[in-house]
2 protein chains.
Amino acid sequence: MSGHKTWTAALIVIGDEILSGRTEDKNIAQVARWLNGQGIRLQEVRVVPDVEEAIVEAVQALGSAYDHVITTGGIGPTHDDITIDSVAKAFGVPVIVDERARAILQSHYDARGVELTESRLRMARIPEGADLIDNPTSGAPGVKIGNVHILAGVPNIAAAMLESLNGKLQGGAPVASVTIRAHAAESEVAGLLKEVQDQFPSVSIGSYPFYREGGGFGADFVVRSDDVDLANRCAEELRKRLQASGVELIETA
Amino acid sequence: MSGHKTWTAALIVIGDEILSGRTEDKNIAQVARWLNGQGIRLQEVRVVPDVEEAIVEAVQALGSAYDHVITTGGIGPTHDDITIDSVAKAFGVPVIVDERARAILQSHYDARGVELTESRLRMARIPEGADLIDNPTSGAPGVKIGNVHILAGVPNIAAAMLESLNGKLQGGAPVASVTIRAHAAESEVAGLLKEVQDQFPSVSIGSYPFYREGGGFGADFVVRSDDVDLANRCAEELRKRLQASGVELIETA
């Protein structure tokens, strides 16, 4: 790495529906890509059940280990939505009804001629001292407390909340990534890859085999670095070495 | 719960490609569903990078907290495949070339007229004392050591390895799950749901809103229990209460 700080984050995906296999998670990939764009590296993900103790433990462990934490899931109006209470507990603060959030919900439901019931008002509850994250999609806001950002679990609502967080989390330069796609069995070029990795120790080179319907196969070699020049030089070297050893490269978009 | 033991598992997804958002994980959902079928509950997932220390820490923490651990990813022939070495380190044993695995690879590559190179032989390396997990798809076996089961990251290969583990992990009865789909905003029925949950404290009731293209919306209420009778009774009560409050139920398959 160059001398600058690498900004890190962890994601906590909260929900029995992910752990039961009922729902396929869509938030890991979209949060990962959003963080890349903010110059922050996602270093760890935990998926935990709708159990207070598990959420508290994950928030405390990851909140102290990484610069930023994002959570998805468990902020709706029903009894199994316990993220707010659990995060408040992790920070040792009470849960309050936030007047800003109440006003947002009131105007959201007023516009639809729907009553702001006690259940819906649950979505105005936040840990004391927390801030709101704008939710242009469905009214009920996300919540920020300390370095923890609490987002909805429904992927398009989570995406809208991420968008309203653009530029607001401290990060560095976006992570540069160059992909080289090749008609090569990764086992054929493993030695060569390792040599280039050893030559560029601060760059990360990943090797990801793919299989196509009908028997075609190959691998993507992905070069990643905070330093775009270094990533490009490493990728150039790798391309040269692959072609010199007779590997056919495939154009990627 | 009834008096019997609930068997638990954790999954460790290993790979920079998931944390960078390059690859969308497919293993969490398939491992979760497979575990359900074995009568084992997936209690936690961690996604960790291709970093030895991170893998060792996850294996040790989760291996002692849960009955079973499954890992996916990082067992191929390239320099970034460090799962075997990391798990061996977590168990404090050396890595050896396993003669059974070597024979499997030899015959796999012989059949294809391909040489068993040093890189490919990396896939015969296992922690000393470990057993193999059959891989009918692509030759290179998975590995079992203690309560840790090391699978490939490529989803169809992981699926084949899970199939060869059918019935081999100690579990209980499959988790029973009943889904009730309704044309209801979950905030409309949150109070009712909580009352039924309080009436059946040992059953888990999840509420999962959905939105359809074109504006339709509703929620799935999922009742889960080790005890199929109890799950059915709870679901029946919930159905009755929803209908009594005027909610329209939707037939599900």
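Author: Helices (H or I, at least four residues) and strands (E, at least two) are DSSP runs, numbered from the N terminus. By that rule chain A has 9 helices and 12 strands. The structure is a predicted model, in which local features need pLDDT of at least 70 and side-chain atom pairs count only at pLDDT 80 or more, while totals for chains, interfaces and linings use all residues. Residues are numbered from 1 along each chain as its sequence is written, and chains are lettered from A and ligands numbered from 1 in the order in which they are written.

A residue is buried if 20 or more other C-beta atoms, placed from the backbone, lie within 10 Å of its own, exposed if 12 or fewer, and partly exposed in between. Strand β3 of chain B, residues 68-72, is mostly covered, with 5 of its 5 residues buried. His68(B), Ile70(B) and Thr72(B) point to one side of β3(B), while Val69(B) and Thr71(B) point to the other. In a regular strand the side chains alternate between the two faces of the sheet.

Two strands pair if DSSP finds at least two bridges between them. Strand β1 of chain B, residues 7-14, runs parallel to β3(B) and is joined to it by 5 bridges; here Leu11(B) stands opposite Ile70(B). Strand β8 of chain B, residues 148-151, also pairs with β3(B) in the parallel sense, over 4 bridges, and His149(B) is the bridge partner of Ile70(B) there.

Helix α2 of chain B spans residues 27-37, and Gln30(B) lies in it. Among the residues of α2(B), Asn27(B), Ile28(B), Val31(B), Ala32(B), Trp34(B), Leu35(B) and Asn36(B) are buried. Their cover comes from both chains: it includes α1 and β2 of chain A, as well as β1, β2, β3 and α7 (155-164) of chain B. Gln30(B), by contrast, is partly exposed, because 18 other C-beta atoms lie within 10 Å. Two residues are in contact if their C-beta atoms lie within 7 Å. Leaving aside residues up to four places away in sequence, Gln30(B) touches Pro155(B), Ala158(B) and Ala159(B). The C-alpha atom of Gln30(B) is also 9.2 Å from that of Leu162(B), although 132 residues separate the two along the chain. After α2(B) comes Gly39(B), with a positive phi near 75°.

In total, 48 residues of chain A are in contact with 48 residues of chain B. On the side of chain A that touches chain B, α1 (16-19), α2 (27-37), β2 (40-48), α6 (118-121), α8, β10 and β11 each supply at least two residues. That side divides into 18 nonpolar, 17 polar and 13 charged residues, where Ala, Val, Leu, Ile, Met, Phe, Trp, Tyr, Cys and Pro count as nonpolar, Asp, Glu, Lys and Arg as charged, and the others, Gly among them, as polar. Strands cross the boundary as well: β2(A) and β2(B), residues 40-48, run antiparallel and are joined by 3 bridges, with Val47(A) opposite Val45(B).

A nonpolar core is a set of buried Ala, Val, Leu, Ile, Met, Phe, Trp, Tyr and Cys residues joined through C-beta atoms within 7 Å. The largest one has 98 residues, and those with the most contacts inside it are Leu11(A), Ile12(A), Leu11(B) and Ile12(B). Leu11(A) touches Ile28(A), Val31(A), Leu42(A), Val45(A) and Ile70(A), residues up to four places away in sequence not being counted.

For the wider setting, an automatic or database assignment supplies the domain bounds; it gives chain A domain 1 (7-164) and domain 2 (176-250). The C-alpha centres of these two domains of chain A lie 37 Å apart. Within chain A, β10-β11-β9-β12 is the order of 4 strands that form an open sheet with antiparallel pairing. β10 (204-211) and β12 (248-250) of chain A stand at its edges with a single partner strand each, so one side of each has no neighbour in the sheet. Strand β9 of chain A, residues 176-183, pairs with β12(A) over 3 bridges in the antiparallel sense, and Arg181(A) has Ile250(A) as its bridge partner.

Finally, the C-alpha trace of chain A spans about 70 × 45 × 35 Å along its principal axes. Of the 253 residues of chain A, 48% count as buried.
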